[in-house]
Amino acid sequence: MNNNIYIPDYHLHSCFSADCETDINEIIKQAMDKGMTSLCFTDHNDLNFPDTPDNLIFDLDIDNYIPALSKLREDYKNALNGNAPFDIRIGLEQGVMPSTCDALNSYSKERPGLDFIICSSHVVDGGDPYYEESWHYPDGSYKDADKLYEMYFEDMLYNVQHFTNYNVYGHIDYIFRFGPERVNNTVFKEKYFPRFKEIMHEILYTIITNGKGIEINTGSLYRGLDYAHPHMEILKMYKELGGEIITFGSDAHDLEHIGYAFTNAAEMAKYVGFKYYCTFKNMKPDFQTI
């Protein structure tokens, strides 16, 4: 993978996320070392997240999160420790379910200081597909994977119809990272995209109509898949429907994967027809040339 980076990473996790221990200052230093001049932290906030096998609680400590990052932003804006100025944006990854849409719709208004919100679907049928246990019934037998895929996109459609306090929808085909079948690029294109094309059209049309965007998430590439999220077919559909707002995110929970394969992701976006990507400040998009 070509990892030359000039695009800021807009999907990053730090020690403020329950599933991450990476120090914020180390993340900034690594981003600087890789050539970035800006990034956006997007730590997890998943209201009413189901119990996990490792007992993680995904409620973000927002009362400390925004002040801590705001202080760092001021420090790095003023060239901390002799470094060049570095622009820190404050975001979060809002895990949304149909049951939490109403409760989260005023989140940013009630918590001033946020620049950016990713809306993500992390739960289907009461579990996170990241965990092997979510694909099984209590007796150990496998659930119907195709049914889980269907439920996942049905929930996503409900989310975009009822939740608007976000900027981009994250890793739209996240569920295909996991499960009993290895869903590679070809399998998705030939088997699953035709099956879910109609509901995906409705999801993307609603996202665009509401003035929102999607992200190109490279996290799948270092987790075993041979395509970034979303799959090229979904990205093309988004562009054909008039979608213009895109961000780039690594979904990194460590230093190694910050900005992973962004040059490749940018080439994919340009191939589809995108000329711009977005950064965000105060929840407003700013279009930058790819």
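## Second largest pocket

The lining of the second largest pocket comprises eight nonpolar, three polar and no charged residues; here Ala, Val, Leu, Ile, Met, Phe, Trp, Tyr, Cys and Pro count as nonpolar, Asp, Glu, Lys and Arg as charged, and the others, Gly among them, as polar. The structure is a predicted model, in which local features need pLDDT of at least 70 and side-chain atom pairs count only at pLDDT 80 or more, while totals for chains, interfaces and linings use all residues. Residues are numbered from 1 along each chain as its sequence is written, and side-chain values use heavy atoms, with hydrogens and water left out.

This pocket holds about 150 Å³ of space and is lined by 11 residues, with Leu221, Tyr227, Ala228, Asn264 and Met268 nearest its centre. Helix 8 (residues 262-272) supplies the largest share of the lining, three residues. A pocket is an open set of points, on a 1 Å grid over the protein atoms alone, where a 1.4 Å probe fits, with protein on both sides within 12 Å along at least five of seven lines; lining residues have an atom within 4 Å of a point. Grid points are joined across faces, edges and corners, and the volume is the space filled by probe spheres set on the points.

## Largest pocket

The largest pocket has a volume of about 310 Å³. Its lining consists of 21 residues, of which Asp19, His44, Tyr130, Tyr174 and His253 are the closest to the centre. By class, this lining has seven nonpolar, six polar and eight charged residues.

## Packing of helices 7 and 8

Helix 7 (residues 232-240) packs against helix 8 at an angle of about 45 degrees, with the axes 10 Å apart. Helices (H or I, at least four residues) and strands (E, at least two) are DSSP runs numbered from the N terminus; axes are lines fitted to C-alpha atoms, for helices over the stretch in contact, and angles run from 0 to 180 degrees between N-to-C directions. The two helices are therefore oblique to each other, given that angles under 35 degrees count as roughly parallel, over 145 as roughly antiparallel, 65 to 115 as roughly perpendicular and the rest as oblique.

The crossing of helix 7 and helix 8 is right-handed, meaning that the near helix is turned clockwise from the far one by less than a right angle. Met232, Leu235, Lys236 and Lys239 of helix 7 contact Met268, Tyr271 and Val272 of helix 8, where contact means heavy atoms within 4.5 Å. Five nonpolar, no polar and two charged residues make up this contact.

## Packing of helices 1 and 2

Helix 1 (residues 24-33) and helix 2 (residues 62-77) have axes 12 Å apart and an angle of about 40 degrees between them; they are therefore also oblique to each other. Their crossing is right-handed. Ile24, Asn25, Ile28 and Met32 in helix 1 meet Leu69, Leu72 and Tyr76 in helix 2, a contact of six nonpolar, one polar and no charged residues.

## Packing of helices 5 and 6

Helix 5 (residues 145-162) and helix 6 (residues 185-209) pack at about 10 degrees, with their axes 8 Å apart, and are therefore roughly parallel to each other. The contact residues divide into 11 nonpolar, two polar and five charged.

## Backbone features in loops

Most residues other than glycine have a negative phi, and most peptide bonds are trans. Histidine 229 and proline 230 are joined by a cis peptide bond, with omega about -5 degrees; proline 230 lies in the loop between strand 5 (213-217) and helix 7. Asparagine 55, although not a glycine, has a positive phi of about 60 degrees and is found in the loop between strand 1 (38-46) and helix 2.
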